[in-house]
Amino acid sequence: MSDSQESFVPNPVLSGLVGICPLIAAANSLAEGVMYGLGTALCALAIGASVPLLKDRLPDRLRAPATLCLSAFFALCYAFALRLYSPTIAAGLWIYIPLLAVSSLSLLVLRRTSSKGRFGTDGRSRLVDIAVEALLFLLTATVVGGLRELIGLGTLSIPTQGPSPARFFFTEWAPLRILVSPAGGFIFLGFLVAVYRTIIRATRRRRT
Amino acid sequence: MSEKMREKILENLAAGSALGFLTLLIAVFSIVVDSRSIAWEKDALAISAASVVALGRVDDPDFDRVYAIRESAGSSYGVVFSKRSSRASALFGATFSPKGELRELMLLGSCSSRLPTNPKDALDSFTGSEATLSRAANAAATAAEADS
């Protein structure tokens, strides 16, 4: 494998289809997409930073349950913070907030980190890879939530502090309301995955 | 007791106490968040009220507490509840008479841009809204009984 391929961190959602069910169910507006993606990214970073520290102190048999407990702890902390920041967005994300614990643990680099060394084969810290992957998850959740809201409802909501997110209206009516529902979300994600994979394939072909 | 067994017991004890510490942290955070939530809900309900008193927790999937609102005209009881569908979510506030009759319904915030602005219409767009309102009315009437 070449160095360029080794250092490539694929998009966890569009390439690995990681955590798509809670993402599609939760991210039906820009505000909810941003807050869900941010939660997953922060939890992944917190676990990625704390698991290598615990690795030397914990026996093998306790490593998996400890990682899961830590992940649930960080997800709960984020849920509390979100309730204080915006109770409406917290109510909107509802049961999907606890699923942050699983979504963040599903990130591919994070899984590799908890089973191998602190550094990758190319010598880079795995925390940097986790940060890139977490950022890609946040970016994808933002794009999915934002485009679904924009095309589906003709509006964009910005996650501001307080009871309701700030809103911008672009049309008087909802152009394609089905996109806001989970079924429409999966159709939209299918198109996004197709576009992403076409771009990646074209880039690889150009390199070879 | 063998050395290996003692080591394992110590490891388990250490893991257990670490878990206990995390649980304690969660408990402290939840107390802080609950007190902030109560303050926010009181602010949301006390638009025309002289003073609002929280009457303790309620075991309901949609709302947590009933508030007693003391006004010069008489007492009323308020509830803040959330409704959610696959397309939208919203927070509502409702005040009831001591007998459980609806006095005022408020749309406190929503996560969907296309919800009707009228609170009654917004609530009607969620399934199970009537059941939630009637449970809130019952909780208000029970709180009024306990209060008197």
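In what order do the elements of chain B run from the N terminus on? In this predicted model, the elements of chain B follow the order α-β-β-β-β-β-α-α when read from the N terminus, and the secondary structure of the chain amounts to 3 helices and 5 strands. The radius of gyration of chain B is 21 Å, well over the 15 Å that the globule rule gives for 148 residues, so the chain is more spread out than a compact globule. The C-alpha trace of chain B accordingly deserves a look along its principal axes, where the spans are about 75 × 40 × 25 Å. Of the 148 residues in chain B, 30% count as buried, and among the contacts of the chain with a separation of 6 or more, 37% are accounted for by residues 24 or more positions apart.

The model as a whole scores ipTM 0.83 and pTM 0.86, while chain B averages a pLDDT of 86, with 95% of its residues scoring at least 70.

The next topic is the interface between the two chains. Here 23 residues of chain B are in contact with 32 residues of chain A. On the side of chain B that touches chain A, the elements giving two or more residues are α1 (3–45), β3 (74–84), β4 (89–96) and β5 (102–110) of chain B, and the largest share, 11 residues, comes from α1(B). Sorted by class, this side of chain B has 10 nonpolar, 8 polar and 5 charged residues.

Helix α1(B) also takes part in a helix pair across the two chains. Two packed helices are described by the angle between their axes and the distance between the axes. For helix α4 (residues 60–85) of chain A and α1(B), the axes come within 10 Å and cross at roughly 10 degrees; because angles under 35 degrees count as roughly parallel, α4(A) is described as roughly parallel to α1(B). From α4(A), the residues that make the contact include A:L62, A:A66, A:C69, A:F73, A:C77 and A:F80, and from α1(B) they include B:A15, B:L19, B:L22, B:I26, B:F29 and B:V33. The residues of this contact divide into 14 nonpolar, 2 polar and 3 charged.

One residue of this pair can be followed further. B:F29 lies in helix α1 of chain B and, leaving aside residues up to four places away in sequence, touches A:C77 and A:F80.

A:W94 is found in the loop between α5 (87–93) and α6 (100–106) of chain A, and its phi is near 45 degrees, a positive value in a residue other than glycine. With 14 C-beta neighbours inside 10 Å, A:W94 counts as partly exposed.

Note on methods. Residues are numbered from 1 along each chain as its sequence is written. Chains are lettered from A and ligands numbered from 1 in the order in which they are written. This is a predicted model: local features need pLDDT of at least 70, side-chain atom pairs count only at pLDDT 80 or more; totals for chains, interfaces and linings use all residues. Helices (H or I, at least four residues) and strands (E, at least two) are DSSP runs, numbered from the N terminus. A residue is buried if 20 or more other C-beta atoms lie within 10 Å of its own, exposed if 12 or fewer, and partly exposed in between; C-beta atoms are placed from the backbone. pLDDT is the predictor's confidence in each residue, from 0 to 100. Two residues are in contact if their C-beta atoms, placed from the backbone, lie within 7 Å. Ala, Val, Leu, Ile, Met, Phe, Trp, Tyr, Cys and Pro count as nonpolar, Asp, Glu, Lys and Arg as charged, and the others, Gly among them, as polar. Axes are lines fitted to C-alpha atoms, for helices over the stretch in contact, and angles run from 0 to 180 degrees between N-to-C directions. Angles under 35 degrees count as roughly parallel, over 145 as roughly antiparallel, 65 to 115 as roughly perpendicular and the rest as oblique. The radius of gyration is taken over C-alpha atoms; the globule rule is 2.2 Å times the number of residues to the power 0.38.
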